[in-house]
Amino acid sequence: MKHAVVFFASDYQIGLSSLLIDEAIALHQEGIPLLCLCGEHEQEPSLRNKLETAGINYHVIQGLDAHQHPQQLVQKIRLVISKIPIQAVHIQNNWQLVLVTLARFQRILPFHIPVVYTLHGFRHNSIFKSLFAKIIIGTALFFFANKVICMSQYLARTFWFLHHKIVLIPLGIPDAFFEETPLPHLQHRGLQIIYPAQFRHGKNQDLVIRAFAHFLQQSRDRLSRLCLPGSGNTQDDIKQLANSLGIANRVDFPGQCSKDRILELYKQHNVAVVASNRETFGQSIVEPFCLGRIVISRPVGIAPDILVHGENGFIFHSEQDLVQIFLQLKALTSFNELSAKTRSKASEFRWHRIASQLGNLYENK
């Protein structure tokens, strides 16, 4: 029997994750035997059905994502993994690292089996929490992970002291985001701008609102609109800001959206903005990029790795920078040339390429 990769496919407060399901399916299609472990909850309905339809072996462990009773969970994991030969273990968060480390010390999981950790994020929107998280997470990974996957150069630089363990592999994007859908016509519809993000400190929807208001005032534009999907505790303040600036009728708030709905919204827009203070990767950067939208981002996450300012997107540092980029785009007659340049680099984020890189990592340990 070929050795399998034990792949943790759920996360804290999320459960079985749509992102990790896509990753698992890509690995399975690459011919890598998997045993997926997940908690009882699902981020979206029918995700377990997707695993079953793909023919992927999975096991539900009650309480896996609750961050309680670690010893009980280790014993539940033992009952599952003791039945199969294991090539590697791929985990997604610190709690899973705790469980796997306990399993190692209790000789449930042999130390020669490598543990691969994807560093999805840490508390990077707070300076003090970020520093504390960096020290704690970094120390744990230094001692207990064999390989650490970073999804951007920014993340690799942040954890530079793990350089001997770090492998740069980005996240993949679903195939639907590579469809060649036409951009909303610039001359007929103006800038159709979208920024999907949770409404919380560090996401800076207020900066985008103010920049958009200044742009409308300076350009006397009558067509352009701004769309802010998402939910969170600062949403009411952002709505009040739009109202106070007199642009409430030009800003849409569609609320929390599914991935399918976000895809449809991206297709209805020609410009995507990312204004957050920090990102470890930035799906809101890569998804519109792969769709051929014009991405304007702060230098966060994957943005500096893929965006060449003025050639295939734009990097901004301040509110005034963003206003000037809006004005620059408004002066163009078409986005077709910019869009074509984004698509030429988009194939780096196809899941089959990511899965191939992960397969090599599991084998090389």
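Predicted model: local features only at pLDDT ≥ 70, side-chain atom pairs only at ≥ 80, totals over all residues.
User: What does Tyr-362 touch?

Analyst: Leaving out residues up to four places away in sequence, Tyr-362 touches Val-5, Phe-7, Leu-27, Ile-32, Gln-87, Ala-88, His-90 and Val-116. Contact here is heavy atoms within 4.5 Å, so each of these residues counts as touching Tyr-362.

User: Why are β7 and β8 called a pair?

Analyst: Pairing takes at least two bridges between two strands. Strand β7 (residues 115–118) and strand β8 (residues 147–150) have three, in the parallel sense, so they qualify as a pair. As an example of facing residues, Thr-118 stands opposite Ile-149 in β8.

User: What joins β8 to β9, and how does the chain cross between them?

Analyst: Three bridges join β8 to strand β9 (residues 166–168), and the two run parallel. Cys-150 has Leu-168 in β9 as its bridge partner. From β8 the chain crosses through helix α6 (residues 153–158) to β9, a right-handed β-α-β crossover.

User: Which residues of α13 are buried, and what puts them on the same side?

Analyst: In α13, Glu-319, Leu-322, Val-323, Ile-325, Phe-326 and Leu-329 are buried, which means each has under 20% relative accessible area. They cover an arc of only 165 degrees around the axis, so they lie on the same side of α13.

Conventions. Residues numbered from 1 in each chain as written. Heavy atoms only, no water. Buried < 20%, exposed > 50% of the residue type's maximum accessible area, 1.4 Å probe, protein only. Helix = DSSP H or I, 4+ residues; strand = E, 2+ residues; numbered from the N terminus. Arc of directions from axis to C-beta. Right-handed = clockwise from strand over helix to strand, strands pointing away.
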